[in-house]
Amino acid sequence: MIESLGCLKRIEYFYPTLKSAEKKAADYILKNPQNVVHFSITELAENCGVSETTIFRLCNKLGYKGYQELKINLAAEIVEPLKNIYEEIKENDDMRTIMQKLLTSNIQSLETTIMLNSSETLEKAIDMICKAKKLLFFGMGGSSCIAFDAYHKFLRIGINCVVHGDSHMQITYSALATAEDVIIAISNTGSNKELYDSIKVAKSNGAKTIAITGHLKSPIANLSDIVLLSYGKESKFRSEAMESRLSSLMLIDLLYIGVALKKKDELLNNLEKIRKAIAIRRF
């Protein structure tokens, strides 16, 4: 849940939704957290080059009642020295350093994703999938790879599954969807117009939707019945989508395991059939 995130992670999460003046303040806080905890709201506003009203609006957008609450949470977060999770990869880094930075950053993204998604929300998604007559996995571009991975997993359980990364095929499937079907739509931005249109058509037929996205207030998230958040941090040499990919894959794995536990007998029977079939293809 958002409430479980620290101040710095909240700023990173809400950053794409902030206005330009609010981003100036956010940038300053991210770069100077140790100084900010000692500033009054007037001092922070002066150092950022924005108004006190902008600081107050930023606090509200981050879920804080005021500047004082933001400072308290920020102070609690920086009691321990800041780790390298905020440090970007540099052009002169050797491969060992790059590997360590990638590992640390990926771990942070996965941990943040766990904090953002409640077990209750995941349980609702699992129950919805278990009741589905058909699962339709939709993803565009890089997200299509995640959709195909999900399709490959859930096919083994014995659920009728469909996957496609082409927008025309997606909207065709959506036009034929029923109230017994569930769409799992994967989009980091949650703003893909073609994917949004496909979901809208499917929902007009009564189909339900689970969105896996990096942005809670995105158009696709607003249209979906259940939203699972995949956290990813933007950096100089890595896009937000690259990092959120691992978070999305983890969420798919969580859904798969949850459904598999509820359909254990079907899964084990199907896995045995698949192993026997694959065995004839091996020397």
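The model is predicted: local features need pLDDT of at least 70, side-chain atom pairs count only at pLDDT 80 or more, and totals for chains, interfaces and linings use all residues. Residues are numbered from 1 along each chain as its sequence is written, and side-chain values use heavy atoms, with hydrogens and water left out.

The protein has 14 helices and five strands. Helices (H or I, at least four residues) and strands (E, at least two) are DSSP runs, numbered from the N terminus. Along the principal axes, the C-alpha atoms fill a box of roughly 70 × 45 × 30 Å. Of the 283 residues, 47% are buried. Buried means under 20% relative accessible area, exposed over 50%, partly exposed in between (1.4 Å probe, protein chains only). Contact means heavy atoms within 4.5 Å. Among contacts between residues at least 6 apart in sequence, 69% join residues at least 24 apart.

Now the sheet. Its five strands run in the order β2-β1-β3-β4-β5, and the sheet is open with parallel pairing. Two strands pair if DSSP finds at least two bridges between them. β2 (160–164) and β5 (226–229) stand at the edges with a single partner strand each, so one side of each lacks a neighbour in the sheet. On average, neighbouring strands are turned by 15 degrees against each other, direction ignored. β1 (residues 134–139) and β3 (residues 181–187) pair in the parallel sense over six bridges. Phe137 stands opposite Ile184 in β3.

Helices lie across this sheet. Axes are lines fitted to C-alpha atoms, for helices over the stretch in contact, and angles run from 0 to 180 degrees between N-to-C directions. α8 (residues 119–130) lies across β1, β3, β4 (208–213) and β5, at about 125 degrees to β5. α11 lies across β1, β3 and β4, at about 165 degrees to β3.

α11 (residues 193–204) also meets α10 (residues 167–175): their axes come within 8 Å and cross at roughly 10 degrees. That makes α10 roughly parallel to α11. Angles under 35 degrees count as roughly parallel, over 145 as roughly antiparallel, 65 to 115 as roughly perpendicular and the rest as oblique. Ser167, Gln170, Ile171, Ser174 and Ala175 in α10 touch Glu194, Leu195, Asp197, Ser198, Val201 and Ala202 in α11. By class, this contact has five nonpolar, four polar and two charged residues. Ala, Val, Leu, Ile, Met, Phe, Trp, Tyr, Cys and Pro count as nonpolar, Asp, Glu, Lys and Arg as charged, and the others, Gly among them, as polar.

α2 (residues 20–31) and α4 (residues 41–48) pack at about 105 degrees, with axes 9 Å apart. α2 is therefore roughly perpendicular to α4. Lys24, Ala25, Tyr28 and Ile29 in α2 meet Leu44, Asn47 and Cys48 in α4. α1 (residues 7–14) and α6 (residues 67–77) pack at about 115 degrees, with axes 8 Å apart. These two are therefore also roughly perpendicular. Cys7, Leu8 and Lys9 of α1 join Leu70, Asn73, Leu74 and Glu77 of α6 in the contact.

Last, one residue. Thr54 lies in α5 (residues 52–61). At 4% relative accessibility, Thr54 counts as buried. Its side chain makes a polar contact of 3.1 Å with that of Ser51. A polar contact is a pair of N or O atoms within 3.5 Å; within protein, one must be able to donate a hydrogen and the other to accept it, and residues adjacent in sequence count only if both atoms are side-chain atoms. Leaving aside neighbours within four places in sequence, Thr54 is in contact with Ala21 and Glu22.
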